[in-house]
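Here are my notes on the model you sent. Please read them with the coordinates open.

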Amino acid sequence: MLYWLYQNTPIDSFFHLNILQYITVRAGAAFFIGLLLTLFFMPRFIAWAQRSARVQPINEYVSAHQGKAKTPTMGGIVFVASTVIASLLTVNMMNPFVIGGLLTLVFYAYIGFTDDWGKIKGGDNLAGLSARAKLTLQVIFGIAIGLFLIYVAKLETGFYVPFIKSSLFDMGGWSVAFWVFVIIATSNAVNLTDGLDGLATVPSIFALLSLSIIVYIVGNAALAHYLLMPKIPAGEVMIIASALMGSLLGFLWFNCHPAQVFMGDSGSLTIGAFIAYMAIIGKSEILLILIGLIFVIETISVILQVGSYKLRKKRVFLMAPIHHHFEMKKWAENKIIVRFWIISLLSNIFALITLKIR
């Protein structure tokens, strides 16, 4: 809407809104719209969820979490909806990368909502979509997004790594398979991390901020040339990311310890998929390992735990994902959360530093 106003006010008019052509201005507006919408709707959602018993089923083996059994879940639906509304009010909808970003949010919010609703209805954290059904939907939607990027957005298929100014090789048709892997891996990694109050929220904000900077750079010809990065007209997607950051900050107001609401798969799968989408269009899929380091650590801890138990019948950690390991070691929940936030901040700072070293 704001971009439409800029385009449709006469140039010689006293009220010509020239300032709205700038991505940074509209990103700022999207941030605050997303924040305010979430702050407005989330208390109402919490009240509705408590009245209708839409609460989070808790795994019995996590004894420290039994006190959270009456906490509402599916809060992700609120901040994802706020993000979409804020984006529609501020972005240039003629940009195909914007369409792809919004589709990513909607597709994976649908998967998360379906899974959350099944858990609530079944009263069991292991209910909801089966692992096979969830993975199938993730693959289908991932392929759709990948094909959209190639055939509609015309995204180049070069494979880039940090510290090197040009692509190592052209992935060609294999790029869709690679992008699907990145989207599924990241969405599930954020989902695994979402186990403590606010644990996934702040690292997600850090990751979105770093990727917003990268996407803005590749979308700006002068900056991309200066930093020896590919030129991709995807800068508008920074506005969606800004809206999501604002919405997540509003969500954190209610999700910080002790949480009044959980994001559920509706939020975590969606955040992870959109972070992956940002990395893909910013040609930073490998750098995403640093940007989302906490998510990577959590995922590796699960892989090691499962692999070790199947091969040796021994556990590497007291419990996985690794944040549960520290809980079992009697670390205070706040200590685990804040220390993971610090690690995430440091890894994102380092990731941004690599942009200049090419």
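1. Provenance. This is a predicted model, in which local features need pLDDT of at least 70, side-chain atom pairs count only at pLDDT 80 or more, and totals for chains, interfaces and linings use all residues. Residues are numbered from 1 along each chain as its sequence is written, and side-chain values use heavy atoms, with hydrogens and water left out.

2. Salt bridges. Side chains of opposite charge can pair when their charged atoms come close. The structure holds five salt bridges (a side-chain nitrogen of Lys or Arg within 4 Å of a carboxyl oxygen of Asp or Glu). One of them pairs Lys119 with Asp115, at 3.4 Å from N to O. Both residues sit in helix 4 (residues 96-122), four residues apart, or about one turn of the helix. Helices here are DSSP runs (H or I, at least four residues), numbered from the N terminus.

3. Asp115 counts as buried because its relative accessibility is 1%. Lys119 is buried too, at 12%. The cut-offs: buried means under 20% relative accessible area, exposed over 50%, partly exposed in between (1.4 Å probe, protein chains only).

4. Lys134 lies in helix 5 (residues 131-151) and Asp115 in helix 4, so the pair ties together parts 19 residues apart in sequence. Lys134 and Asp115 are both buried.

5. Asp265 meets Lys119 in a salt bridge at 3.5 Å, N to O. This pair links distant parts of the chain: Asp265 is in helix 10 (residues 264-281), Lys119 is in helix 4, and 146 residues separate them. Both Asp265 and Lys119 are buried. Through shared partners, salt bridges join Asp115, Lys119, Lys134 and Asp265 into one network.

6. Helix pair. Two packed helices are described by the angle between their axes and the distance between the axes. For helix 7 (residues 201-218) and helix 9 (residues 237-255), the axes come within 9 Å and cross at roughly 165 degrees. Helix 7 is therefore roughly antiparallel to helix 9 (angles over 145 degrees count as such; under 35 is roughly parallel, 65 to 115 roughly perpendicular, the rest oblique). Axes are lines fitted to C-alpha atoms, for helices over the stretch in contact, with angles from 0 to 180 degrees between N-to-C directions. The crossing is left-handed, meaning that the near helix is turned anticlockwise from the far one by less than a right angle.

7. Surface patch. Which helix gives the most to the nonpolar patch? Helix 14 (residues 333-353) does, with seven residues. The patch has about 1,100 Å² of accessible area together, and its members include Phe163, Leu168, Leu345 and Ile349. Patch residues have over 30% relative accessible area and no salt bridge; nonpolar side chains (Val, Leu, Ile, Met, Phe, Trp, Tyr) are joined within 5 Å, like charges within 9 Å. Areas come from the Shrake-Rupley method with a 1.4 Å probe, and for residues only the protein chains shown count as cover. Ile349 lies in helix 14 and is partly exposed, at 42% relative accessibility.

8. Pro321. This residue is in the loop between helix 12 (293-312) and helix 13 (322-328). Pro321 is buried, with a relative accessible area of 10%. Its C-alpha is 5.7 Å from that of Ser301, 20 residues apart along the chain.

9. Val176. Helix 6 (residues 174-193) holds Val176, which is buried at 11% relative accessibility. Val176 and Phe148 are 9.7 Å apart, C-alpha to C-alpha, and 28 residues apart in sequence.

Key: Helix = DSSP H or I, 4+ residues; strand = E, 2+ residues; numbered from the N terminus.
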